Structure formats: C-alpha cells, structure tokens
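Welcome, and please take a moment to turn the model around before reading on. The paragraphs below walk through it step by step.

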Amino acid sequence: MKMSLWKAFYIKPNEIGILYQRSDFQKILQPGNYNYFGRHWNVKTYDLNQPECQIDNLELLLRNHGAELQPHLLVVKTAFNEAALVRCGQNWVSVAPNQLTAFWRGFIEVESHVFNLDESLELPAEFVRKLRVNALNGIKKFQVFEYEIGLLYVQNNFVRPLATGEYAFWAVNRDVSVRTLSRMIPNPEFPLEDILISQHPDFVEAYCKTVELQNQQVAIARYQGKVISILAPCSRKLFWRDVEVEVIDISTDAKLSSELVAELVVGLPETVILSRNCLHTANIPPQYVGLLYINQEFQEQLQSGNHAWWVFGRSINTEIFDLRQQTMEVSGQDILSKDKVPLRLNLTTGYRITDPLTAKNRLSDLTSYLYKELQFALRGAVGAKTLDALLEDKGAIDSSIFDYIHQKTTDYGIEIDSVGVKDIILPGEIKAILGKVVEAEKIAQANVIRRREETAATRSMLNTAKVMEDNPVALRLKELEVLERIAEKIEKIQVNGSLDSILTDLIRMNRD
C-alpha cells in the first residue's frame, strides 16, 4: 500500500489554527480546508468562543513572529506595578502584575485597560459599574451605604475615608480592606483611635470631635441631649462632629451639681448604667444624716437628698445615721437577785443619735456598745435587790438602769429616751410557791369580804323590820312583794274573796 504525501486540515468557522512544520511556527490559518505536501505538517486549533488563547511558548512566538501574530491577537503584558482588565464581549478578565497573556481578535470583541498600581489601587467609577456583576481575581469590591463612612486600609494602614458609593480596588500582592462606621451611632468604635488622632489629623478634623482629658478632668458626651459616654481622666476618644462634650475639672471639688445628679443618678436607666462605675452616690432619706469621708478624712455632714461624687483618683465613703428614735431589745438575760433567786428578764430601751460625728469617731460599733452597757446596767440593778423588792417596785429598776446608761452615753452623742423592764420570768418552782401565796391571800380577802357582806345584810334586815313595825303601809307592801314571788313559782293561784282577806289569812297562817 502506498502512503499519501499530502496532509489535509479543516478549520471550523468558530476556530482558528496555527500551522507548524515539525515544531516551527509557519502561519495563522483562518476557517477553511487546507492541504500541504509532506509528513511533517501539523495544525493546532483554538475555539474562538474562548477568547483567551492558551498558546504554548507564547512569549517566544511573539518575539520571533510578532508581525504575523499581531493582527490576530490582543496581547496584554503587565509590569511588576501594573494590572490589567480585558473585556471579552460581555465578560471581563483580570490580569495580575508580571503576566503575559493574549486574546483572539475578531470573533469576540476584546479590549484591554492597563492600570498603574503605584498611582492608585482604586478602579475608576466607570469600571466599577461595569464590573458590578463580575467576580474577578485580584479585585475587591465594597459598598458604603448612605448612613456610613468607609475607612480604606492598605496593608492595615489607613489611607483615606470613603463617602457613600461603590468601590473596587486592586488587591494583588497586598491586603486591601474597608471598615465601615455607622453615622447613626454617635460614638462608634474607631479602629486604632490613637493612630488616627496622631497620624491622620485631616480626617479627624473633617469628620470627628476629639476629646483629650488631663489628669483631673472628666467628660460627658451627649448626642441630641442624651448622655452617650462618660470619660475618665487621661482618656482620649473620638466622636462624630455633632456630639456635644462637656469637660469638668474635678481637681478641687468632686461633687456633682444638682443638675448632674438629676441627669446621671436618677435620670434615664441607660444613663444610670453608664455612670454606675464613675460615681459614688448616697441617698439620704428624710430624718437621716450622712457623714462624708474622702480619702478617709471627714469632710461634711450630708442632709437629706441625693448626693454624688466623681470617684476618679480618690476614695469616697459615706455613712448614714437615723436621727429618729430607735428601739433596742435586751432579751433573755439570766440574773440572780440579791436573795439568790434566778430570774430571766427582758429589757427595752428607746434612744436617739444626737451627734452622729461624735458617735462615729468615738465608737467603732454603736449598737454593740449600747447593748453591752444595757446588760451591765440590768445586772447591777437586779443583783442589788431581793425578789420581793423587784416584784413590788419594777419602776425602781427602770430608774436605776436609766441613770446608769444615760451617764454612759451622754459623751458619745446618744440620748436615752426611755428604759423599761418588759418581763420578769420566774423559775417554775418559784412560780408555784408564789401562786400558793397569792391564792392564800385571795382566800383570806374573800372571807373578810363575805363576813362584811353578811354583817351588812343583817344590819339592813334589822333596819327594815324597824320601818315596818312603825309603818303598816310598808308592811302591807312587803306582803305584796312576797305574794308576787310566790305567784312566780306556781302555775296558778285561786283567789276567793278580796285581796285583803287573802293577805289577812296569809298573815294569820304565818303567825300560827
């Protein structure tokens, strides 16, 4: 069989071919039929629907056969500081720095745009709109809404603010990011505030209000009349420009004015939460008084009302004292009387604090001191008297205790109003003995009273008899009274004759 020395090639309408003899480039073949004599011819075809061509040894071919290739190829070559965008019909392709790539011309419309990255990483607005639906390698897209401000960072270094709009940046061989801050939040968390203040004064002056406080200064930031932040001394903070800032010097007086107390202490709940860690507050009720100590030194007495102080750089303490009369109970005290009878007593005392500062300075624990002294006074008063004396005159115990405790408390700013023994509890056997004594006394008293009443009754009967003897009418009335009593005790009585004859017969029966 004889082999043919001709080789035939067919290039489709949507293809383009490159003719090689052995491995040497010869020419570009357009769609159609081709015949070549010899065995060393070959053709490599490319689909023009894929405009980016993948030609082996492209750079070498361009160097040696650029004139033949140039009419058919859009060649894009970028330097180390360049990147490119290529439009292939309705699609876009990005080309990174230091790249050589080519696209077929003619079948699909192609165009290229090269960008110098040293001059700007930002793509012009016309390209941002065109690339809105495309996701390309090496390009980052961002959107800043109308209520935001964007901060552009390259390699974590702030570059400039971004107004409302859409943005696209080349992000090849470097990190590009945009951090958005809401304008609806008056005190956002600015990234690296100190760097912005010191390194980017133009941005700070254009958009922000800066607060820098000294050692003895505090600041209150308000937005639309509402407190949004409280700054401690030596603070540095950025706010948007429409925030109002009040700086307060606390070097000489740390106490808040009544207006600030109303705003920060008893104002809106969110404001109270903000100020909680910045203030020492004291609510002095009516009939109370407070003592103010700053750095453990007494400053002043506080009258009723709300008070507040800045706590920065100082320790503040307040103590509140009730000026009303108070009651103290000394209960369950087991004491022996003078005649060795064990007793249990309960004591009540009423007292008032008249000088809180003296009481605070001279007594570490007022209630413990008063309770202890009342115990001593009670034991001294009870131990000096017998049981009979105690039971006969409990008021003497009260007077003795009052005199003792009044003397002990006068120098401590405490006034004793009253002292009284509430209960004297006797042991069971003593109660039984006293019960028998009382019972015997009451029986004797009852006998005396009974005899006295019998004597009085006899004397009354004698007087009645004398009256009747001298007065027949009185006797007849007495007879009627007796008849009435008899009638009450029987069901019926039959009367024959007149009432006078009945009474006469009754009198005669009594005499017989």
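Among the contacts in the protein with a separation of 6 or more, 63% are made by residues 24 or more positions apart. Keep in mind as you look that this is a predicted model. The protein has 13 helices and 29 strands. Of its 512 residues, 37% count as buried.

Phe37 sits in strand β4, which covers residues 32–37. Which residues does Phe37 touch, once its neighbours within four places in sequence are left aside? The answer is Leu5 and Trp6. Take Leu5: Phe37 and Leu5 are 32 residues apart in sequence, yet 5.7 Å separates them in space, C-alpha to C-alpha.

Asn137 has a relative accessible area of 69%, and because exposed means over 50%, Asn137 counts as exposed. Leaving aside neighbours within four places in sequence, Asn134 is in contact with Asn91, Trp92 and Lys141. For Asn137, you can look across to Val95: the two are 42 residues apart along the chain, and their C-alpha atoms are separated by 8.3 Å.

Another loop to visit lies between β23 (288–294) and β24 (297–302), and it holds Gln296. With a relative accessibility of 75%, Gln296 counts as exposed. Its C-alpha atom is 7.6 Å from that of Asn317, a residue 21 positions away along the chain.

Next comes a look at the backbone. Most residues other than glycine have a negative phi. Arg22, however, is not a glycine and has a positive phi of about 55°. You can find Arg22 in the loop between β2 (15–21) and β3 (24–29). Its relative accessibility is 55%, so Arg22 counts as exposed. Asn57 also has a positive phi, near 55°, and is a residue other than glycine. The place to look for Asn57 is the loop between β6 (52–53) and α1 (58–69). At 59% relative accessibility, Asn57 counts as exposed.

From loops we turn to helices. Helix α8 spans residues 366–383 and helix α10 spans residues 394–409; the two pack at an angle of about 140°, with their axes 9 Å apart. The contact involves residues on both helices: from α8 come Tyr369, Leu370, Glu373, Leu374, Phe376, Ala377, Leu378 and Ala381, while α10 brings Ile397, Ser400, Ile401, Tyr404, Ile405, Lys408 and Thr409. How do the residues of this contact divide by type? Eleven are nonpolar, two are polar and two are charged. As for the handedness of the crossing of α8 and α10, it is right-handed.

The last stop concerns cysteines. How many disulfides does a search of the whole structure find? The search finds zero. Two cysteines to pick out in the model are Cys88 and Cys208: Cys88 counts as buried at 8% relative accessibility, and Cys208 counts as buried at 4%.

Notes: Residues are numbered from 1 along each chain as its sequence is written. This is a predicted model: local features need pLDDT of at least 70, side-chain atom pairs count only at pLDDT 80 or more; totals for chains, interfaces and linings use all residues. Side-chain values use heavy atoms; hydrogens and water are left out. Axes are lines fitted to C-alpha atoms, for helices over the stretch in contact, and angles run from 0 to 180 degrees between N-to-C directions. Helices (H or I, at least four residues) and strands (E, at least two) are DSSP runs, numbered from the N terminus. A crossing is left-handed if the near helix is turned anticlockwise from the far one by less than a right angle, and right-handed if clockwise. Contact means heavy atoms within 4.5 Å. Ala, Val, Leu, Ile, Met, Phe, Trp, Tyr, Cys and Pro count as nonpolar, Asp, Glu, Lys and Arg as charged, and the others, Gly among them, as polar. A disulfide is a pair of cysteine sulfur atoms within 2.5 Å. Buried means under 20% relative accessible area, exposed over 50%, partly exposed in between (1.4 Å probe, protein chains only).
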